[in-house]
Structure formats: C-alpha cells, structure tokens
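This report concerns side-chain contacts of aromatic and charged residues. Please consult the sequence and the structure shown here alongside the text.

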Amino acid sequence: MDFFSRGYTALRGERGQTQSADETIEKLADCLETATLLEDRRAGVLSLKGLEVGNKSFPGLIKVLHTDYKDVDITKSLLETIAILCTVQHQQDKDDKGFKFTDYFIEDSHNVTILLDILEEFDFYVRYNTIKLLSTLLANRSKRIQECILTNPMGISRLVDMLDDKRDIIRNEGLLLLIGLTRSNTEIQKIVTFQATFEKLLTVIEEQEGISGDIVVQDSLTLMHNLLRYNVSDQVYFRETSCIQQIPGLLGYVGDSDADHVPYSFEDWPPQKVANTVLVLQLIRILTEPESSSTPINQKVMMQSGILLPIVQLGLCSNAPSIVRTEALYSIAYIVASNVENQLIFGKVVVANPPVLTQDGQIDPTSVPAIPRPAMVSLISIAVNEDRAVNYSYSSRAAATYAVYSCLEENPDAQLVLASTLNVPPEDNANVAFADKAHSAGSLLLEVIENWEQSLTDPYKVWFACDILSHVIRNNEKAKEIAGSIVFGDEANGEDPVPLLHHIVAQLLMATKNPATNARIPIGYLCLLCTWLYESPASVSLFLAESTHVQFLIQEMQSSTNDPTVQGLVAYLLDQFNSLLARLRDSSAVKNAPQYLQISAEDESISNTTHSLPSLLLDPVFVEMFKSTYENIQRSIKKKPGKFNKLDNSPAPPSPSVNDEVIQTYKSTIEQQSNQIKSLEEKLSELETSLQALRELKSAKDELITTAEENAMLKQRISELESKPKLPPPPPNDQSFKLKALEKQLSEEKNKFSELEKEQEDLLVCMGEQDLDVKKYKKRLRDLGEAVTDSEDDDDE
C-alpha cells in the first residue's frame, strides 16, 4: 500500500490541486534525481512508465539505471521505459524523437556497459527487456553500439551465453541481437567466434532437427554466415574445431553412400526447409569462396568429410525446388574449382537419371527407369534442358554451366578428356532401346549445337551449349586440334566431309537468315568462334580455308537489321570496325556482366512474370577476354598498313629493374649464342671453299681428258705418216722442193708433239696435286658430318 500511496501523492500535488501532464512529469523527474529511498525512485519510475516522458526526465532514468540496476522491479520498468523512448516510429524521419533519445543514451559508453552487466541477472523479464533495448539501440545506431560493446569484451561473452538459455524466447532474441552485432564488424566477429559460438549454434540446429527445423535454424545459420564471410581467422577456427565435418549431416543423404551411383531423392519441401537448405549450401560457398587463401584447404576437408554426395544429389538427382538446385550446383562448382583432385573425384561420380513424373508430381511406377549416367553428362543435360522429365529454371541452367566450367578450370587434362567425347554416338548403339538414349558429354553438346532449330523457343539451349564448348577448348591448343578434327558428313554416302568449325559457321549463317531467331543463338555461336580462333594460328588457317566465311561475316557486320551485340562480336572476330567494337564495349551486355555466370532470382522472377528471357547475353569469362584484348585491337585498327613493318622510333618505356644475377645469366647466354654463331659461320665458309675447289677440280679434269684425246689423235697421225711407203723420186725439178716441204712439215709435227707431251706431263703433275687436295677436302667434309660419295675415285680407277 505504501507504494500506491507514494505514487498517488506524487501525482496529486500539494493540497490536492490538479496538475498538468508536464508538471507531473517534471515532478517525477525531480523525484528520480533527488529521491534517496529506493521505494521513492521505484515509484517515480513506475509512474513515468507509459507517459510521454520528455528530455528532462530521461537523464534521471539513466541515473537510476546506474544506481539501482540490481533491483529487479525497478530495472524492468526502466528498461521498458527507455526502450519505448528510443523506439523510432518513422525510420525515414531523421528528427524522430527515438533517434534523439538513442543518441543521448549511447553518448556515454558506460550506459551500454551497464546493460551488458544487467544480463547477468537470470530474471526472464530483465534479460528479455535488456536484449530488446540493445536491439532497439542497434537498429538505430549500429556503428556506435558496436564501438561501445567493443569497450567491454566480457559483455560479448554474456551475449553469447544467451544461446545456452533454455528459455526459447531469450535464446531467440539473443540470437537476433548477435546477428545484428556481427554484421560487417570483423573484431566483434572474432570475439564472438572464440566464445565457442559455432559449437553452440550447431547444438541448437541439432535440437531443432536440422534443416527440417523452424526459423531458429535459419537464424543460427545466418549468424554462422556473418561470422565466416570474408573472415579467414574464423574459418580456420571453424575448420580446426571439426565443424566442417558436421555440414554433410545437416543436408542429409537419401540412399546408400557406398552404392555404385547416387540415387534419385524424392522429398517434401516446405518453405522453411527450403530456406534452411539454401543457407547451408550458401555456407559451403562462403567457405570455398574463389581467391580466398583458405579455400584450397577448406575444399580438401569438405571433400574428405563426404560433402560431395549430398550436394550432388540435391543438384543433379532430386525433386528439390529450383532455388535449392541452383545453390547446390554452385556449391559443386565452388568445391571443385581449380582443384584437380576434387575435379577427378567428381568426374568419377555416377548419378541416376530423373524419373518420369505423373501429372500430380509423383514418380510414375509404370515407367522404366533410365540407366545411370556420369555426373558431367547430368550437368550438361541440365544446362541445355535436355531432360524431358524435368523443366529446369534459367538460374539452374546457368549454375550447371558454371559448374562445368569449374570442373575444367586450370585442368588442361580434363579439357582434353571432355574434348575426346566430341563424337556422335553410332547408330548401332546398344542403348538405343532405352527411352532416353545414352549420350556422352561431348555428343550431347554437338547434338544441340548442330540442331539450332530446336532452340527457336529456347535460345539458351544453343547459348549454354556453345558456352560449355568454349570452356572445353579455351586456351588449350590440343583441345582445339581435337575439335578441329571432327567432321560431319559420310564420304561413303557421297557426302562432303565438313569440319566442325565450318559446320558452326554454317549454322550461324542459317540462324541469322531466319527472322524468328533470337539474338542469343548467333551470340552463342560467335562467342564460341572468337574463343576458338583466339591465339590459334592453326584454327585461323582452318577457318580461312573456306573463302566465303569472311565475306559472310562482313555482310552480317554491315547489316543494320542485326542486333548491335551480334555486330560487335562479328567485328571482334574480324578485328575490324572500331565503332562497332566501342559500341559492344559500352553495351549493357558487357557492362552488366555478372561476376560469375549466374541469373539472379529477380531476373528469373521478371522472366517468369513477363514470359520473357533473362538479360544474360555474354559469359563473364568471355567479357574478361574481350576487355583484355580490346585496346590491342583498337590500336591495330587505327594503325596504317604502311606502318606495320616500320620500326617504332618512339622512346621505349623505362625498363624494369633487374638484379645483377639475372643480367649476368643473360650475358653468358648471349655470349654462348654468339660463339655458336661464329663457329657455324666458319664451318659455312670452309664448306663453301671446299665446294669451289671441287668445282675447279672437275673443270681441270675435263680439260685434261680433252688434251689426252688430242694427243692420242696426233700420235695416230704421226704413225700413219711414218708407215706410208716412200714415193718414187719426183722429177728433177720438183723433187728437192717437195722433199724440203715434207721435212719441214715433219719437223713442225714433231715440235707440236713434243709441246703436247710437255703439257701432258704438266697436267699430270697438276692432276696429282689436285687429287691430293680433293682427298684432303673430302676428309674434312666427312669430319664436318657431310655425306661425300666416291664416284670420282671410281672414275679415275
């Protein structure tokens, strides 16, 4: 009764005179400031509760909070009153009174510290109202509250202890407060983590039956996201405390993990289970974020913990909703990206084919189940929407394409393996009796790329197929050679063999001539061609072997009816028309390209509502290639033809600094190469001298043979003259004259013969010397490794 009488007396005023509300609040505020008895302060607080307290009474409330926070009754009323005062009615109104009271309260960090100390009180209402007040302050001024809480690390420990409270409301409100506190503050994240928070959260999730639990599971997973996202030290703690090993158990797995293939999972998917499953899958992606220093070890630990089978089942062979399937496919991509060991393990996984469903969404018991298939084939089937039993969303198809890319990333051998499957199955395939004919990964791609007419109603069918093939051959010349060796057409049936590269150009030609073709079909073909021809002279030669290709592409580039993106890609393929390249660079297809291949939920929703296609036009990897080569192409277009072979006289940029060891290595290498060049030049000079000597020897030998023949003829003539009988003496008058003439003729012939014999001897001497030289030169030629025949020696013999 004393309590009520004091309150009534305070409100009544002196001599029973009626007071206004402002006067009453002012008197109660004075009571809070000056009262010495706890009962008086409690009465003042309870009287102020529910009134429109002004600025004058607020300092008194804070003062009482500091002095009497151990009194449960007064503390409950104080917390409720301050929470009401700090509540903002209109978040957009910066002059709202809630913001003013909040700023006044958190101006002194000790006010926040006292709230954290109050959490030691076990009373339900005290804890509940303290957490609600902290949540209100955090919602109004989050950054300042985080700073205040960091001044009292033990207060964070008390907040984390709320997770152990058996009263669900306290635990849930504490969970929500921690979610707000850990958002975008690394220091608080670390302090919260090292309070064994992960273990407590996993215990809460287990108590709530995992992903089948209620919204508490969702809040627990959200807090784990805040603690782990971009925080390497927290990820190390999460891994070293064996928390990663508990993730597969959260997702669950239907079937025998030791079976020869992953079975199909058919489950019920209430909304809360969907939300919880998505958060678990996103947790996997946070731990395996690309470019993170902790990603490789996290990938290894996850694979060892058996995470692959549950996410493969969710992504490839289950009736999971589209958003779950999409997240599962991205999780597969993140776990295998740039990790050769994980890529090999995934390449060996075999999964069940989707079953035939009835009209009410149940599995048709009368249908014959299709044979299992490799997981890679399932990924491509989802990307090109080839499974007739299931209609996949655009976001799931984009995720499947990204997963294929991740399976090939930084793994040239995997590219070659997939390229080797680029063959059409034979007609006598043993699997033709099945409703779904078995495909290899490559044959499925070729079938879709070849039959672009089937993509008129679904342009992304060809787009995703071309994108996957471009990843198969990207920056891999051997894979391009394998793809270039594939031909269409059977020569035995009189058909001309057409290489795959030419066949793609032909498909592009037919697609552009059809007015019903969506721009995404030629865009897919052109991106594939650009990737194929990039830095591949052999592929360019194969492309130019058909002279009509360039002519056709120039016509398409100049056609005003074509999509601007198509024109820009043709210009990029031909390295022509700077204006079209600039338009492509500034287009939304390039500027709005996502960080990785994805179709957002908003884009998917708009597409489903308006029955249109998503905005995705170019693969982000292709966009990066375009951006990296754009400047070079632009400079080459602007350069005049006459300047291509001229030296650039512009001053060279300053060379980067190189250490002395590298310089000495380069100098020694250059000196060795210079010595080798000099040695080769000397050998070449010697070989030329030897060749000239051989030519002179052959000429001298021919002259010697000719002289010998002439000498033999003269000898024969002289012998004939000497063997002739002597004529009878002529008449006296002519005999002496004729005799003198014959003697003179004989003397001349003898002189000629003696001269010829002398010349013959000289030639024989010269020939002997030259034979010695020839033998010497032949020996030197053999020593130098040249092949020399002995035909001249045989002739001499």
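Arg 285 lies over the face of Tyr 334, at 4.8 Å from the ring centre. A charge is taken to sit over a ring if NZ of Lys or CZ of Arg is within 6 Å of the ring centre and within 35 degrees of the ring normal. The charged end of Arg 167 is likewise placed over the ring of Phe 122, 4.0 Å from its centre.

The model is predicted, so local features need pLDDT of at least 70 and side-chain atom pairs count only at pLDDT 80 or more, whereas totals for chains, interfaces and linings use all residues. Residues are numbered from 1 along each chain as its sequence is written, and side-chain values use heavy atoms, with hydrogens and water left out.

**Aromatic pairs**

Tyr 334 also belongs to one aromatic cluster with Tyr 330, Tyr 402, Tyr 405 and Tyr 596. The structure holds 18 aromatic pairs; rings of Phe, Tyr and Trp (its six-membered ring) pair if their centres lie within 6.5 Å, and planes under 30 degrees apart count as stacked, over 60 as edge-to-face and the rest as tilted. One of these pairs, Phe 124 with Tyr 128, is stacked, at 6.0 Å centre to centre and 5° between the planes. Both residues lie in helix H8 (residues 124-140), four residues apart, about one turn of the helix; helices (H or I, at least four residues) are DSSP runs numbered from the N terminus. Phe 124 is partly exposed at 24% relative accessibility, and Tyr 128 is partly exposed at 25%. Here buried means under 20% relative accessible area, exposed over 50%, and partly exposed in between (1.4 Å probe, protein chains only).

The rings of Tyr 572 and Phe 626 are edge-to-face, because their centres are 5.1 Å apart and their planes stand at 80°. This pair links distant parts of the chain, with Tyr 572 in helix H32 (residues 564-574) and Phe 626 in helix H36 (residues 620-638), 54 residues apart. Both Tyr 572 and Phe 626 are buried.

**Salt bridges**

There are 18 salt bridges in the structure, each a side-chain nitrogen of Lys or Arg within 4 Å of a carboxyl oxygen of Asp or Glu. The table gives some of them.

| Salt bridge | N to O distance |
|---|---|
| Asp 73 and Lys 76 | 4.0 Å |
| Arg 171 and Asp 168 | 3.6 Å |
| Lys 513 and Glu 556 | 3.4 Å |

Lys 513 lies in helix H28 (residues 500-513) and Glu 556 in helix H31 (residues 548-558), 43 residues apart. Lys 513 is exposed at 53% relative accessibility, whereas Glu 556 is buried at 7%.

How values were computed: Helix = DSSP H or I, 4+ residues; strand = E, 2+ residues; numbered from the N terminus.
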